[in-house]
There are 2 protein chains.
Amino acid sequence: MWSGASMMLSRFTIPRVFSTDLCGTEGLFANKTLEITNDVLASYKNQGGFDLLGRSIDQIRSSKQVSAAMTTCQDLNLDGLVIVGGVTSNSDAAQLAETLVQKNCKTKVVGVPVSLNGDLKNQFVETTVGFDTVCKVNSQLISNVCLDAISAGKYYYFVRLMGRKASHVALECALQSHPNMLIMGEEVALSKLTLMEVINKICDGVQARAELGKHHGVLLIPEGLIESIPEMYALIQEISILHNNNVPVTEIPTQLSPWAAALFQFLPPFIRRELLLHQESDNSAQLSQIDTEQLLAHLVEAEMIKRTKEGRYKGKKFSSVCHFFGYQARGSLPSNFDCDYAYVLGHISLHMIAAGLTGYMATVANLKDPVHKWRCAAAPLTAMMSVRRHLRGPGAIPIGKPAIHPSPIDLKGKAYELLREKASSFLLDDFYRTPGGIQFEGPGSDAKPITLTIEDQDYMGDIEMLKLYLDKVKTIVKPGCSRDTLKAAISSMISVTHVLTVMSHPLNAELPLYHFN
Amino acid sequence: MWSGASMMLSRFTIPRVFSTDLCGTEGLFANKTLEITNDVLASYKNQGGFDLLGRSIDQIRSSKQVSAAMTTCQDLNLDGLVIVGGVTSNSDAAQLAETLVQKNCKTKVVGVPVSLNGDLKNQFVETTVGFDTVCKVNSQLISNVCLDAISAGKYYYFVRLMGRKASHVALECALQSHPNMLIMGEEVALSKLTLMEVINKICDGVQARAELGKHHGVLLIPEGLIESIPEMYALIQEISILHNNNVPVTEIPTQLSPWAAALFQFLPPFIRRELLLHQESDNSAQLSQIDTEQLLAHLVEAEMIKRTKEGRYKGKKFSSVCHFFGYQARGSLPSNFDCDYAYVLGHISLHMIAAGLTGYMATVANLKDPVHKWRCAAAPLTAMMSVRRHLRGPGAIPIGKPAIHPSPIDLKGKAYELLREKASSFLLDDFYRTPGGIQFEGPGSDAKPITLTIEDQDYMGDIEMLKLYLDKVKTIVKPGCSRDTLKAAISSMISVTHVLTVMSHPLNAELPLYHFN
């Protein structure tokens, strides 16, 4: 086992030399190259940002893009291409790998799980590089506004966090900083809460706090929340379909279904404008451009005024300050954990290409343990992929392409359970926690994401445990055992095999997992 | 000399018990008290936030407020009252001290320089507690968006920073993080730049970068910038006067002078609305509520479109993301420097009260040196005060009350000189610097504000040096020296004394400086 920690360099505060302009995937299509030498890398090691290779369209998807990427691989006679990214980039990596195999191109395609959203998470991938850093920076800022809120005693902070559809960033930040409320998209979607039900839930919290004499608070809102509210989701999908049909933005409001149009008109003008904005590379709405926190603050204020008039609320006037903690957490100096994790993944990628694997992702299990207990592997990308039929609005277009889908928060998981246990204390007790900035030395410098450390994710360990049970069966049912025992064992195993066959996806049955230990 | 560093406790991440609700100055008026024991203080030491004593109106100014404060002091039989704050709180402290002396109240009033703005700065005060922390948190975030900007290569970040009228926070952050541009209020005021001249300056920068193929950048804007633009200042003053005359907000636009009304109509609606908001405790506009960064981004975009149409700009479409880094930097875990500084100031305050001083501020000189070289003193508040006649708009109301005024950036100082030297490199070279989060141990944990370390502020040292020169004169002109030498010495000293008498303010001639060394 190779340890990333031993290669950790101390952080530089000297500026790096920015001379490259490689334009990310567009640079790949255009065969813009840079030989990454130790000298080039020296000022980028253990630093944030994507500026060494640049970012542009973040896609290798259309047949034109795929064939441009292939041409570059062939021209450069590349042994391997390492694609760094989240769910969409790794879906693209799988598709590219397949195409290159079909076209007899020798370049192996390997994916590395890197994304601030934390939504690339499955039986192989425990977390992504960047998630820890982004959550730590955000938690630092959230705890700052918590102390600012309690100092002034008169504002509610509505803080929206990046993280796309899933609420992983918001959940992790809530566990790190203990804000008063967190409205999770997954909870809202499960309970099918309407927009006004969400607003009432927040207002009830504000009211309960006012009864304790508290007129301040901090509320976390994942950016994906807006899509989790059923009627908002339907509206966003209708707009998306009209977009895809090239309806001009100005005409979209007039072509909505009657109920979507009614909701659209109910929303404040700034939200209407934002909903009509162009869409992201994966056809979802530009969540980072929708000021959900302002929408909620606006509606909560209206509801509190209504409750005051009706005599149901007797506290001080509700007053809010809105924040979007997004861009300012990206590009941060990475945490020690993220540096270690990234070093190990890079090392695995090299071994994968040397072993001739293509269409695989570098993975590390047991991340919550010390580095010497980490277990490296290569997992087939197809094993993470599935085909979903989305009903995107009343137009009902089935989308049938295999893809790695963002994993939502597991509402039966330990992290969510912990949050639920604490929710009422968080709401009322101002149990704020101040983690401070990311530390590189001393106490706290080895902290890992809380969600990672409390989730039970030892996949490889579980496989070992299964092997132990299978061996135990062999030991019990060996020549000399009774006929009844043998019969019972066969009957049980037939049933187990049957259940597992049904449960297993045909796609991932064939591809083995590669271990590097 | 007592060293603050030796008392530094390690930082807690365990939540403190928030049970007090003392409401700041309003609590003082209402005689709400808390005995600060070691137990109470345990979870507040070396932490951020003002929640132990709370914040409310931040004023002890009106005769009602002053007499309420005095009643509390008398009821509690207080030996001393320590007032913690910036320019306005310490002006109030001076007034309160004077009143208490007049009324024969035994309570001594002592001020402590604490403010994130850094604008309480004079011959006695090198910096305020909190400035270092706020600048470090902001610089961390600015460097994150710098790396995000260069990674994406397509946005300009317009970042507004707190700090009230002066640009100290913005200057310090620029020296720490090396953004592409900083528009300083003091520069704009000195050159009397109009709003469109400021816009053109930014657009020229955008254009120069585009010629190098760079379509991203980061621009810092101090919140006080808006007041530094002459025509905006005049408009804000007119609105302020109408406010003070109790003109309803809706009628203010109709009562402006013709040219102020014309400017008001030119501004985008969101800025118009913000300008009409209510004012802060010192009668200035609520600078933190004016989205100057959005105003500038809006006007820069319009100007870049104009330049594109006229064929003067040939780069990619200008695109911006706006940020206000304000609240999220307050309440942070303080830097080691701020902890040390605050401990020492607290210690001095105790000695001042024990020595029976009132109307004085605790000060520490030589802060840029190691703690054992720090020099503690008590400086008379009146020595920092002056009387200014403000022409607040065409109404011309002279305001004649002595006050400590915010110090602007010294445009002849070393910090500004350094920025000017680097300005062209910052603009074009993407010389970004990543200081990271505040460190409590290891490299960087002892960093102090850059502006503090490069300014030459050894006031006490200079006084010692002066004494040396005076002694030298005595040594030269002793019995036995020639008549001519004596005559020359007397004549020189008469002239020196005369000049100094004229230069010295009558107010601070009487009060001596107290040293604790």
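The exercises below, each with a worked solution, concern a predicted model.

**Exercise 1. The fold of chain A**

Task: Find how many helices and strands chain A has, and what share of its residues count as buried.

Solution: Begin with the secondary structure, which in chain A comes to 19 helices and 11 strands. Finally, look at the contacts in chain A between residues at least 6 apart in sequence, of which 77% join residues at least 24 apart.

**Exercise 2. A cysteine in a helix**

Task: Locate Cys73(A), and decide whether Cys73(A) is buried or exposed.

Solution: The residue is found in helix H3 of chain A, which spans residues 63-75. Its relative accessibility is 1%, and because buried means under 20%, Cys73(A) counts as buried. When neighbours within four places in sequence are left aside, Cys73(A) is in contact with Leu78(A), Leu81(A), Cys105(A) and Thr107(A).

**Exercise 3. Two aromatic pairs in chain A**

Task: Work out why the pair of Phe324(A) and Tyr327(A) is edge-to-face, and then treat the rings of Tyr341(A) and Trp374(A) in the same way.

Solution: As background, the count of aromatic pairs over all chains comes to 20. The ring centres of Phe324(A) and Tyr327(A) lie 6.1 Å apart and the planes meet at 85°, and since planes over 60 degrees apart count as edge-to-face, this pair is edge-to-face. Both residues are buried, Phe324(A) with a relative accessibility of 14% and Tyr327(A) with a relative accessible area of 6%. For Tyr341(A) and Trp374(A), the centres are 6.3 Å apart and the planes are at 80°, so that this pair is edge-to-face as well. The pair links distant parts of the chain, given that Tyr341(A) sits in helix H15 (residues 336-354) and Trp374(A), 33 residues apart from it, in the loop between strand S7 (360-365) and strand S8 (375-380). Tyr341(A) and Trp374(A) are both buried.

**Exercise 4. Where chain B meets chain A**

Task: Describe the interface of chain B and chain A by its contacts, its buried area and the elements that supply its residues.

Solution: First count the residues, and find that 50 of chain B are in contact with 49 of chain A. The two chains bury about 4000 Å² between them, with 54% of this area on carbon and sulfur atoms. Next come the polar links, for which the count is 19 residue pairs in polar contact, both residues being at pLDDT 80 or more. On the side of chain B that touches chain A, helix H5 (131-152) and strand S6 (320-325) each supply at least two residues, and the largest share, 10 residues, comes from H5(B). Sorted by kind, the residues of that side divide into 23 nonpolar, 18 polar and 9 charged. There are also 2 salt bridges across the interface, and in a salt bridge between Asp148(A) and Arg330(B) the closest N and O atoms are 2.8 Å apart. Last, a cluster connected by ring pairs brings together residues of both chains, namely Tyr155(A), Tyr157(A), Phe324(B) and Tyr327(B).

**Exercise 5. A loop residue of chain B**

Task: Find where Phe124(B) lies in chain B.

Solution: Phe124(B) is placed in the loop between strand S2 (108-113) and H5 of chain B. With 10% relative accessibility, Phe124(B) counts as buried. Although Ala383(B) is 259 residues away along the chain, its C-alpha atom is separated from that of Phe124(B) by 9.2 Å.

Notes
Residues numbered from 1 in each chain as written. Chains lettered and ligands numbered in written order. Predicted model: local features only at pLDDT ≥ 70, side-chain atom pairs only at ≥ 80, totals over all residues. Heavy atoms only, no water. Contact = heavy atoms within 4.5 Å. Buried area = accessible area lost by both parts, 1.4 Å probe. Salt bridge = Lys/Arg side-chain N within 4 Å of Asp/Glu carboxyl O. Polar contact = N/O pair within 3.5 Å; in protein donor to acceptor, adjacent residues only side chain to side chain. Helix = DSSP H or I, 4+ residues; strand = E, 2+ residues; numbered from the N terminus. Nonpolar A, V, L, I, M, F, W, Y, C, P; charged D, E, K, R; others polar. Phe/Tyr/Trp six-rings, centres within 6.5 Å; stacked < 30°, edge-to-face > 60°. Buried < 20%, exposed > 50% of the residue type's maximum accessible area, 1.4 Å probe, protein only.
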